[in-house]
Amino acid sequence: MNAEPKDPRRDVENSVNANGHHHLFSTSGRLSANTQPFIGRLGGNLEFALSQQDASQAGILQSMPDAAPNMSLQAQLDLRGFWCLMLWKAAVIEGFGSLMLTFLTVWTNLSPSGIPTPPTAQFGNFANAAFIGPLVGGLTNWFLVTLFTYTFGAVSGAHLNPTITIATFFARLCSFPRMVLYVSFQLAGASLAGLLVRAAISTRDFKVGGCWLYTDHVPVSSAFVVEFVACCALLFIAFGVGLDPRQRQVIGPTLSPFLVGMTLGTISFGTGFTRYGHGGASLNPARCFGAFVGSRFPGWHWIDWVADIAACILHGLFYMLIPPFDKYDV
């Protein structure tokens with residue numbers, strides 16, 4: 001009696017090697033892939049994570065405690081992660097991804113440095129460049145953020161934005177070493193992107209959607225409120241659709257990057273045309289930082305950082321008050 005032919009697809013298994021990579025392999029040798037476990041992977045809904053109860057992963061979790069849920073505060077602040085080569089590799093990818101994303105989103109949102117034409121009494125903001133610019137920027141941000149999240153998710157978690165990285169830190173989904181390395185490389189990549197934009201356009205007299213404000217028309221306090229509320233909305237939605245394990249079966253890693261991109265694009269568009277003299281919420285301080293490296297730094301750039309970090313702290317408080325896990329140790 002002949003044995004039933006063996007289906008090589010049944011041999012596909014998941015494992016994790018000593019470097020902390022998820023390996024998808026086949027005993028038949030036909031398939032081999034790996035992905036870095038990280039609970040702060042945007043769009044992953046904690047699908048790509050290890051287990052704290054698995055004693056065989058103790059060595060990995062010492063250098064990368066954010067590879068498993070329910071990370072303790074002591075583990076989160078452990079500085080040994082700075083000596084983890086995989087974190088540095090992921091940070092370099094974050095930097096290069098930020099360079100490309102910043103260049104493209106800045107380039108597609110460039111406009112002359114002067115203030116746009118004032119809206120008319122008949123059509124208001126819907127009939128001039130102050131409306132068309134945010135519309136184009138919102139659509140391009142939506143598509144580009146979605147594609148970059150799909151592309152870099154398996155390698156670094158696809159943050160590409162200090163707001164997301166700092167928010168995952170306060171939600172205890174990201175270790176302190178990873179946060180420092182990611183934000184540093186994100187800023188470095190965005191700065192290089194700003195210089196490349198200046199070289200490409202051959203001038204530094206330009207402005208970028210989401211990164212301009214005329215304080216003689218709009219007070220800094222008003223821009224701060226817009227930035228803070230917009231960032232709160234971005235974080236609550238992005239975490240809800242892209243980082244909540246309870247949404248894994250409903251949304252999952254296939255759809256969540258698309259929804260995260262839609263969220264950022266919609267908010268950047270919706271905040272960009274209502275108040276004449278304000279280019280809308282930044283949502284990504286590294287992007288505006290890079291744009292200012294290529295052009296000039298305004299005195300109000302602190303809004304992009306202070307408002308975003310305040311939103312990250314508030315979101316982190318809600319995340320700890322109503323955690324997605326049944327156990328959340330302090």
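**Exercise 1. Count the cavities of 30 Å³ or more and describe the largest cavity.**

The count comes to 2 cavities of 30 Å³ or more. A cavity is a set of points on a 1 Å grid, over the protein atoms alone, where a 1.4 Å probe fits but cannot get out; lining residues have an atom within 4 Å of a point. The model is predicted, and totals for linings use all residues, while local features need pLDDT of at least 70. Residues are numbered from 1 along each chain as its sequence is written.

Step 1: volume. The largest cavity holds about 70 Å³ of space, where a volume is the space filled by probe spheres set on the points.

Step 2: lining. Among its lining residues are Trp212, Glu227, His278, Trp300 and Asp304. Helices α7 (220–242) and α10 (302–321) each give two or more residues to this lining.

Step 3: class. The lining has 6 nonpolar, 3 polar and 2 charged residues; Gly counts as polar.

**Exercise 2. Describe the second largest cavity.**

Step 1: volume. About 40 Å³ of space lies in this cavity.

Step 2: lining. Asn125, Ala130, Trp212, Arg275 and His278 are among the residues that line the second largest cavity.

**Exercise 3. Is Leu139 buried, exposed or partly exposed?**

Step 1: place. Leu139 sits in helix α4 (residues 129–156), helices being DSSP runs (H or I) of at least four residues.

Step 2: class. Leu139 counts as partly exposed because its relative accessibility is 39%; buried means under 20%, exposed over 50%, with a 1.4 Å probe and protein chains only.

Conventions: Predicted model: local features only at pLDDT ≥ 70, side-chain atom pairs only at ≥ 80, totals over all residues. Heavy atoms only, no water. 1 Å grid on protein atoms, 1.4 Å probe; cavity = no way out; pocket = protein on both sides within 12 Å on 5 of 7 lines; lining within 4 Å.
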